[in-house]
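Here is a briefing on one predicted protein model, written for reading beside the sequence and the structure. The points are grouped by topic.

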Amino acid sequence: MRTEPFSLSLSTPLDTAAGTIDERRGFLVRLDLDGTPGLGEATPLPGWTESLDDCEAALREVDDPETALDGDSFADAPAARHGVSLAVLDARARAAGEPLYRHLGANTRIEEVPVNATVGDGEPKETAEAAADAVNKGFPAVKVKVGARPLAEDVERFEAVRTRCPDVELRADANGAWDRETAERALSAFADHDVAFVEQPLSADELSGHTDLRGGPVGIALDEGLHEHGIDAVLDAAAADVIVIKPMALGGVDRAADAGRRAIDAGLDVVVTTTIDGAVARAAAVHLAAALPGVRASGLATRRFLDEDIRENVAPIRSGAAVVPQGKGNIPPS
Ligand SMILES: [Mg+2]
């Protein structure tokens, strides 16, 4: 197994729990399984995964990749595990002569998966224009970041968006910004604008708080909360209508597929999203979405947040959908 460091500059700086970053750094993982090459990507995002240094250290310790995946070598290094597990899955799918999404369990050909557009914080007019632009480009769903300003202003923003875009599916992502009372008021106000669900209205440590918020016309989605507590705890607490799956943070597309299937079996909806990774991990997330039946429009249109990429024209976005790669494995290894 070999690793190659890479660095991709971001088109706009990204605010994370660990501060603002202007590049995405990680490692390509290359291996060979009985003569078949496999390519993976480990792109840690502190706040969601281990640090870059810890990722590198975990990768360096790998002796036999397949054995390492079965043990707990990657207990605190989900991004490193993502890189190694993807390289292994890529090689296995390639050896089986099938695209990764078929290897992950899809039993029919899937040409594309629907994706959502994301609209950042802004004034009502600006928010409505960005949403209208996304609708014109064919996006079936628009996610609006909320919680950065007083609730009354976020409600005005949704009012403006709904007026401009009467039919699109709307979602909000609060990134844990609200207390319970604000969340309750938000859900009630957003219902008037037919918002499908709110992602992470309360902080990640709240599980029962989210359980209590469910039951109204606006669904509850967990993103940070899923990654903090795991799928078992989220299902046990009945804390979500929708889960947002980030394969890099969950330790690989195999684990993400398992969490997704269990959620679907329990009657939840699933959204797949990247952690603004390079083309190798983004393609794998597209394969994962293709493998999960009924996946909702997913956060896979993230190439635009990067100035450059590891590989171009991988799983491009066309008319609000990501084109699913149909070659063997994830993407060609070189
Ligand atoms: Mg989110």
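Two strands count as paired if DSSP finds at least two bridges between them. Helices (H or I, at least four residues) and strands (E, at least two) are DSSP runs, numbered from the N terminus. By that pairing rule, seven strands form an open sheet in the order 5-6-7-8-9-10-11, with parallel pairing.

This is a predicted model: local features need pLDDT of at least 70, side-chain atom pairs count only at pLDDT 80 or more, and totals for chains, interfaces and linings use all residues. Residues are numbered from 1 along each chain as its sequence is written, and side-chain values use heavy atoms, with hydrogens and water left out.

**The sheet as a whole**

- Strand 5 (116-119) and strand 11 (269-272) stand at the edges of the sheet. Each has a single partner strand, so one side of each is left without a neighbour in the sheet.
- From one strand to the next, the twist averages 25°. Angles run from 0 to 180 degrees between N-to-C directions, and axes are lines fitted to C-alpha atoms, for helices over the stretch in contact.
- Strands of a sheet pair through backbone hydrogen bonds, either parallel or antiparallel.

- Strand 7 (residues 169-173) and strand 8 run parallel and are joined by four bridges. Leu-170 stands opposite Val-195 in strand 8.
- Right-handed means that, with the strands pointing away from the viewer, the path from the first strand over the helix to the second runs clockwise.
- Strand 8 (residues 195-199) has four of its five residues buried, so it is largely enclosed by the rest of the structure. Buried means under 20% relative accessible area, exposed means over 50%, and partly exposed lies in between (1.4 Å probe, protein chains only).
- Strand 8 is joined to strand 9 (residues 219-222) by three bridges, and the two run parallel. Here Glu-199 stands opposite Ala-221 of strand 9.
- The link from strand 8 to strand 9 goes through helix 8 (residues 208-213), and this β-α-β crossover is right-handed.

**Asp-173**

- Asp-173 sits in strand 7. Its relative accessibility is 0%, so it counts as buried.
- Asp-173 touches Lys-143, Val-144, Lys-145, Val-146, Glu-199 and Gln-200, leaving aside residues up to four places away in sequence. Contact means heavy atoms within 4.5 Å.

- Two bridges pair strand 9 with strand 10 in the parallel sense. Ala-221 has Val-242 as its bridge partner in strand 10.
- The chain reaches strand 10 from strand 9 through helix 9 (residues 224-236), again by a right-handed β-α-β crossover.
- Strand 10 (residues 242-245) and strand 11 run parallel, joined by four bridges. Val-244 is partnered by Val-271 in strand 11, and Ile-243 by Val-270.
- In a regular strand the side chains alternate between the two faces of the sheet. Val-242 and Val-244 point one way from strand 10, Ile-243 and Ile-245 point the other way, and all are buried.

**Helix 11 and its neighbours**

- Helix 11 lies across strand 10 and strand 11, at about 175° to strand 10.
- Helix 3 (residues 78-96) packs against helix 11 (residues 253-265) at an angle of about 90°, with the axes 8 Å apart. That makes helix 3 roughly perpendicular to helix 11. Angles of 65 to 115 degrees count as roughly perpendicular, under 35 as roughly parallel, over 145 as roughly antiparallel and the rest as oblique.
- Helix 3 contributes Arg-81, His-82, Ser-85, Leu-86 and Leu-89 to this contact, and helix 11 contributes Val-253, Asp-254 and Arg-255.
- The contact residues divide into three nonpolar, two polar and three charged. Ala, Val, Leu, Ile, Met, Phe, Trp, Tyr, Cys and Pro count as nonpolar, Asp, Glu, Lys and Arg as charged, and the others, Gly among them, as polar.

**The loop between helix 12 and strand 12**

- Gly-294 is in the loop between helix 12 (279-291) and strand 12 (317-318). With 69% relative accessibility, Gly-294 counts as exposed.
- Ala-315 lies in the loop between helix 12 and strand 12. At 6% relative accessibility, Ala-315 counts as buried.
- Ala-315 touches Val-286, Ala-322, Val-323 and Pro-325, not counting residues up to four places away in sequence.
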